[in-house]
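Subject: Handing over the structure

Hi,

Have a look at it first, then read on.

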Amino acid sequence: MVSTYQRPQHLSRCLTSIAAQRGADGRFEVVVCDDGSTDSTHDTVQAFADGVPFRVAMTTHPHDGFRLSRCRNEGAAAARAPYLLFTDGDCLLPPDHIATHLRRRRPGRVMAGDCYRLDQTTTQWVGEESIYSGAFQGWAPESEKKRIRLKARRGRVYSWLRVPMRPRLTGSNIAVWAEDLERINGFDEQFVGWGWEDRDLQRRLSLIGVRSMSILPWTQAYHLWHEPAPSFSPDGVGTNNRLYYEQSPGKARCDHGLAERRRLMNQAAAASPAAPSAAPSAAGPPTPAPGQPADAA
């Protein structure tokens, strides 16, 4: 699941890193969930879908503020796989990322990860050759390597001590069972703007007994530099999202989430099965074939 908005060059490199995955042939599909881009994002996804042997789908909607929760719910509704890996269109995945997640998945667990943050100059160096070779994995600054190593160690301690709400979920690298996401009605779409939807997801998953485990000892994403989103605030200080999280009733199943997106997508498909346009649209060939479902999306 790749969320994106108005960054087709970053998205192209993200998708290239997915095409370069090893050890997971025939075991995954890709759903690009777009927040209403009006640039070349759709063409980027279509070109990618035309050149790969696995299923690629795209969901989108008219842009109305930063609606990451809606994007992810639409993507989850379009997915066919039982296990969902979430990342962002400004991230690169190492070549064994999907295979590692599939190998490490466990019932009743959501996997929590993070990403190395590449600086502006390093981001400009990243191209197709460095992605397929995996060379970009050596380009993270030492400060980031130290941060991730420390976070990975803390994650293991948190799991051993069963610390509530630890390790934290970070949207660039989350993996969850589709059935667990269904039980809590997906991401809460009351979160509009940057931040706190991941923490809310983690809290609601914990209410149904799903514990978080760190994937960082085994795989990490790589974040491509860009200017911060206009709604960004460190730790959500002063934002409506943080206030909503702190005042929310603390129930497992949110009121505005995945079920509504699935219903609207089914209605749109029924009304115009050849070309669903008003609600999320699809792009790419419907592979794998029936009877060969992907393990992960």
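**A salt bridge to start with**

Aspartate 114 and lysine 151 form a salt bridge, with their closest N and O atoms 2.7 Å apart. (A salt bridge here is a side-chain nitrogen of Lys or Arg within 4 Å of a carboxyl oxygen of Asp or Glu.) Aspartate 114 sits in the loop between strand 6 and strand 7 (115-117), while lysine 151 belongs to helix 7 (residues 142-161), so the pair ties together parts that are 37 residues apart in sequence. Helices (H or I, at least four residues) and strands (E, at least two) are DSSP runs, numbered from the N terminus. Both aspartate 114 and lysine 151 are buried, where buried means under 20% relative accessible area, exposed over 50%, and partly exposed in between (1.4 Å probe, protein chains only). The two also belong to a network of salt bridges that links Asp114, Glu144, Arg147 and Lys151.

Before going further, some background. This is a predicted model, in which local features need pLDDT of at least 70 and side-chain atom pairs count only at pLDDT 80 or more, while totals for chains, interfaces and linings use all residues. Residues are numbered from 1 along each chain as its sequence is written, and side-chain values use heavy atoms, with hydrogens and water left out.

**Other salt bridges**

The count of salt bridges comes to 19. One of them joins the side chains of arginine 27 and aspartate 295 (2.7 Å, N to O). That pair links distant parts of the chain, 268 residues apart: arginine 27 is in the loop between helix 1 (8-19) and strand 2 (30-34), and aspartate 295 is in the segment after helix 11 (258-271). Arginine 27 counts as partly exposed, at 30% relative accessibility, and aspartate 295 also counts as partly exposed, at 21%.

Arginine 261 and glutamate 189 make another salt bridge through their side chains (2.9 Å, N to O). Here arginine 261 is in helix 11 and glutamate 189 in the loop between helix 8 (178-183) and helix 9 (197-207), 72 residues apart. Arginine 261 counts as buried at 12% relative accessibility, and glutamate 189 is buried with a relative accessible area of 10%.

**The sheets**

Next, the strands. Strands of a sheet pair through backbone hydrogen bonds, either parallel or antiparallel; two strands count as paired if DSSP finds at least two bridges between them.

Strand 6 (residues 109-112) and strand 8 (residues 174-177) run antiparallel and are joined by two bridges; alanine 112 has isoleucine 174 in strand 8 as its bridge partner.

Another open sheet has three strands in the order 5-10-7, again with mixed pairing. Strand 7 and strand 10 (residues 221-223) pair in the parallel sense over three bridges, and tyrosine 116 has tyrosine 222 in strand 10 as its bridge partner.

**Pocket and cavities**

On a 1 Å grid over the protein atoms alone, a cavity is a set of points where a 1.4 Å probe fits but cannot get out, and a pocket is an open set with protein on both sides within 12 Å along at least five of seven lines; lining residues have an atom within 4 Å of a point. Grid points are joined across faces, edges and corners, and a volume is the space filled by probe spheres set on the points.

The largest pocket has a volume of about 1600 Å³. Its lining takes in 47 residues, with Asp88, Thr170, Trp194, Asp198 and Phe232 nearest the centre. Helix 7 gives the most to this lining, with five residues.

A search of the whole structure finds two cavities of 30 Å³ or more. The largest cavity holds about 140 Å³ of space, and of its 18 lining residues, Met1, Leu85, Leu93, Ile98 and Ala297 are the closest to its centre. The second largest cavity holds about 30 Å³, and among the residues lining it are Ala112 and Lys151.

Enjoy exploring!
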